[in-house]
Every structure is written in C-alpha cells, then in structure tokens.
Amino acid sequence: MEKTSVAIGQWVMRHRVWSLLLSIVLVLATASGVKNLVFTNDYRVFFAGDDPHLVAFETMQDTYSKNDNVLIALAPDDGIVFKPGTLAAIADITERAWQTPYSVRVDSLSNYQHTEADGDDLMVGDLYENAQELDTAGLARIKDIALKEPLLVHRLIASDAKVTAINVTVELPGLDEATEGPEVVTYIRELRDYIRETYPDLKPYLTGIVMMNAAFPEATLYDMTHLIPAAFGIILLLVFLQLRGFGGTVGTFLTILMSIVSAMGMAGWMGIKLSPPSMSAPTIILTLAVADCVHVLSNWLHKYHEGLDKCEAMSESLRINFSPVFLTSLTTAIGFLSLNFSDAPPFHDLGNISAMGVMFAWFYAVFFLPALVTLLPVKQKAESTLGMKSMNRFADWVVAQRRMLLPLMSVIIVGTMIFIPKNELNDVF
C-alpha cells in the first residue's frame with residue numbers, strides 16, 4: 001500500500017491537469033443522471049412490493065375503498081360547535097370540499113345521514129339543514145343526536161363538542177404521483193385560506209394521509225434550501241479557520257459539491273426514487289467528504305510550511321493519508337451498504353447513495369483536490385506553533401496516562417450503553 005500511495009501521489013502531481021480533467025469528466029458523467037431523479041411521497045414506498053402487510057392492505061383497498069384522506073379540523077374560538085353560525089359554516093365548507101380534486105366522498109356534521117322512525121316509516125336525511133334558522137331546541141336536538149352517534153364522536157365531533165371536522169376521502173389515479181397529491185394539497189390549502197377569511201372565528205387545522213405525504217417532501221425541500229446551505233457555510237468557515245487559506249477552502253467546497261452531485265447522479269442512473277430517508281444522504285456525504293479534505297490539506301500545509309515546495313508537500317501528504325483515508329472510506333461505505341438488510345427500501349437507497357458518495361469523496365480528495373490546490377496560489381508563511389504544541393502536550397499526556405484512561409473510557413462506554421434500552425420507536429406521524 002505504501003508503494004501505491006507514493007506512486008499515486010507522484011502521478012497526480014506530475015499530471016495535475018489530467019487529474020483535474022479526469023475528475024471533471026467523472027462528475028459530468030455521473031451528474032447527468034440527476035435528470036432521472038424523482039421524489040416519491042407515497043407512504044407505500046416504505047414497504048417492499050411483496051411485503052405481506054402492503055399486499056393485505058392493498059387487497060383490502062381494492063375490495064372496499066381507498067382511505068387516502070384530508071381531515072379539516074375546525075375549532076370555534078368560543079368552543080361552541082352547535083350554534084347557527086358554526087353549523088352554517090360547516091355546511092358551506094362541506095359543499096366547497098366536494099370540489100377537491102379526486103374527491104370521492106366528503107363527511108361532516110352537515111351531511112351525516114341520520115335515520116328517524118315516523119310511524120312505520122324510516123326517514124333518512126341530513127342531520128340538519130338551514131342552520132341559520134335553527135332555534136335553541138333544534139340545536140339541542142342536533143347536539144344530542146351527534147354526541148350519541150358512535151360514527152360521529154371522536155371522528156367528526158369531539159366528545160366535549162368544542163371541535164368538529166370535515167373528512168375528504170380522495171382516490172388518486174396513480175398516473176402522475178408528482179402532481180396528483182400536490183394538486184389536492186393546493187386546493188385544500190386554498191380552502192383553508194377561504195375559511196380564515198370568511199369565518200375568522202373558526203381556526204382550521206389540516207391533517208390526514210394526503211397532508212402527511214405532502215409534509216415529507218416539503219420538510220425535505222426546506223432542509224435542502226435552508227439547513228444544508230447553513231451546514232455548508234459553517235463547515236467551510238471552520239475549514240477556512242483551520243487551513244487559513246482561500247485555495248484550500250475553495251477546493252474543499254468543490255470536492256464536497258462534486259461528491260454529492262456524483263452520488264445523486266448515480267442514484268438517478270440506478271433508478272432510485274428519492275424519499276425522505278434517502279434525502280439525508282447529501283448531509284452525510286458532506287460530513288464525510290470534509291474529513292477527507294481536511295486530512296489531505298492539513299498534512300500538505302504542514303509539510304509546505306516546513307520548506308517543501310507545493311508539489312513535494314502534496315506528494316508527501318498523499319503518501320501519509322492515502323491508506324488511512326481509503327480504508328476509512330471503504331469501511332464507512334461497507335457500513336452504509338449494510339442498510340440494504342433493512343426491511344424498508346428507502347433505507348436501502350440511503351445506504352447505497354451514502355456509500356457511493358463516500359467513495360466519490362475519497363476519489364476527488366485524492367485526484368481532484370491535490371491537483372487544484374497546488375495549481376492555486378498559496379502563501380508561504382510560518383505555521384502557528386501554539387496549536388501544535390498544545391496537541392503534542394495532549395498526545396504525550398494521553399500516552400503517559402493510558403493505563404488509567406483505558407479502563408475509565410471502558411466504564412464510560414459501558415455506562416452509556418446501559419441506556420440503549422431506553423430508546424423507543426415511534427412511527428406515529
């Protein structure tokens with residue numbers, strides 16, 4: 001391995017332009033797969049196609065009906081549902097809810113079919129009509145019926161009659177998953193805005209399977225546009241403070257970006273559908289790629305400040321880091337690939353994308369980063385000795401106290417492991 005690392009380091013320094021071109025060709029070839037990526041927000045993606053639970057669930061839906069739904073909960077400010085104004089609002093909202101795309105059924109207090117006996121006849125009709133004309137006795141009668149009906153209590157009306165709900169059942173065709181669900185969500189949110197403007201004393205809340213499916217990609221998109229850029233910024237700032245150089249920071253940024261793009265592009269070529277779990281891969285790749293870069297650049301700057309020229313210093317850094325960084329990347333990738341043993345396919349995708357990203361990060365940290373930073377200008381300045389002296393003293397202390405530290409660390413590890421059974425699994429969205 002020593003001879004290989006020396007040979008690779010010397011080759012990269014002798015052929016820096018070719019090394020850059022090789023890396024650019026690789027990232028362009030893999031990145032072109034990004035166009036094939038699609039995001040799925042269907043909860044069925046968490047089950048394999050032949051999963052017995054999914055098969056039983058879909059068989060039941062084929063036999064009866066699908067239960068994808070949106071639930072609009074309505075909470076009056078005064079906590080009184082059974083009053084003319086609120087009941088009239090429920091009737092109005094129910095009518096508008098029928099306009100929801102792909103809706104097949106709307107259930108609420110206003111259209112609940114109540115059955116009454118009139119002599120020998122059974123009369124079936126809506127629970128109430130013309131809510132604004134209801135008097136106190138009529139309101140009391142409707143409330144009494146609703147709170148005694150098992151199909152309504154805890155479903156469309158709270159047991160204390162302070163909150164009610166309208167349930168919209170939808171049946172998505174399944175022809176275009178990317179647009180059908182969002183189309184329903186868009187209309188429901190417009191309906192929510194209508195409720196807020198028209199009935200300011202009603203507070204609407206949205207839930208249900210369709211809203212949950214929409215929440216996953218929206219949360220992921222928020223992370224991608226807010227948290228990941230913030231993580232990028234913080235990490236690059238720390239890298240700049242560590243390396244105190246513009247070239248190393250730019251090289252690290254490009255290495256991270258190329259690693260993520262290559263991994264996501266390969267996911268596209270492999271036909272992987274993105275889901276909330278698999279969208280954690282860019283953050284994982286970001287974290288591991290920066291570690292590779294810092295290892296290579298730290299040793300390079302150290303040797304450079306000792307007096308070697310840029311290329312000699314980089315060759316020495318690659319000689320030192322090639323084996324440890326490769327083995328770390330390889331074992332990390334193997335660890336992520338073990339997620340393929342999970343029962344949930346999205347975690348297979350997370351493991352595969354992360355594993356590819358880790359190996360791409362290693363490749364770019366060895367072939368792209370060294371070639372780039374040695375072509376960029378770097379100042380030859382004295383290296384700060386304060387941090388090095390501190391770390392040397394700390395290392396000497398650890399070695400000197402190893403007989404005390406080893407059992408102490410073992411006790412700490414075992415002590416924290418004791419709390420593993422306290423972890424609880426909760427999938428209730």
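Val106 stands opposite Val168 in strand β5, and this pairing belongs to the contact between β2 and β5, which run antiparallel and are joined by 4 bridges. Strands here are DSSP runs of E with at least two residues, helices are DSSP runs of H or I with at least four, and both are numbered from the N terminus; two strands count as paired if DSSP finds at least two bridges between them. The model is a predicted one, in which local features need pLDDT of at least 70 and side-chain atom pairs count only at pLDDT 80 or more, while totals for chains, interfaces and linings use all residues. Residues are numbered from 1 along each chain as its sequence is written, and side-chain values use heavy atoms, with hydrogens and water left out.

The sheet to which these strands belong is open and has 4 strands, in the order β2-β5-β1-β6, with antiparallel pairing. Strands β2 (103-107) and β6 stand at its edges with a single partner strand each, so one side of each is left without a neighbour in the sheet. On average, and with direction ignored, neighbouring strands of this sheet are turned by 20° against each other. Such angles are taken between N-to-C directions and run from 0 to 180 degrees, the axes being lines fitted to C-alpha atoms, for helices over the stretch in contact.

Helix α4 (residues 84-97) packs on the sheet, where it touches β1, β2, β5 and β6, and its direction makes about 10° with that of β5. Helix α6 also packs on the sheet, touching β1, β5 and β6, and its direction makes about 165° with that of β6. Contact in this sense means heavy atoms within 4.5 Å.

Strand β1 (residues 69-76) is mostly covered, with 7 of its 8 residues buried, where buried means under 20% relative accessible area, exposed over 50%, and partly exposed in between, for a 1.4 Å probe and protein chains only.

Just after α7, Arg244 takes a positive phi of about 50°.

Elsewhere, Thr30 lies in helix α2 (residues 16-31) and is buried, with a relative accessible area of 5%. Leaving aside neighbours within four places in sequence, Thr30 is in contact with Ser262, Gly265, Met266, Trp269, Phe360 and Tyr364.

A search of the whole structure finds 0 disulfides, a disulfide being a pair of cysteine sulfur atoms within 2.5 Å. The sulfur of Cys293 is 18 Å from the closest cysteine sulfur, that of Cys311, which is too far for a bond. Cys293 counts as buried at 0% relative accessibility, whereas Cys311 counts as partly exposed at 24%.
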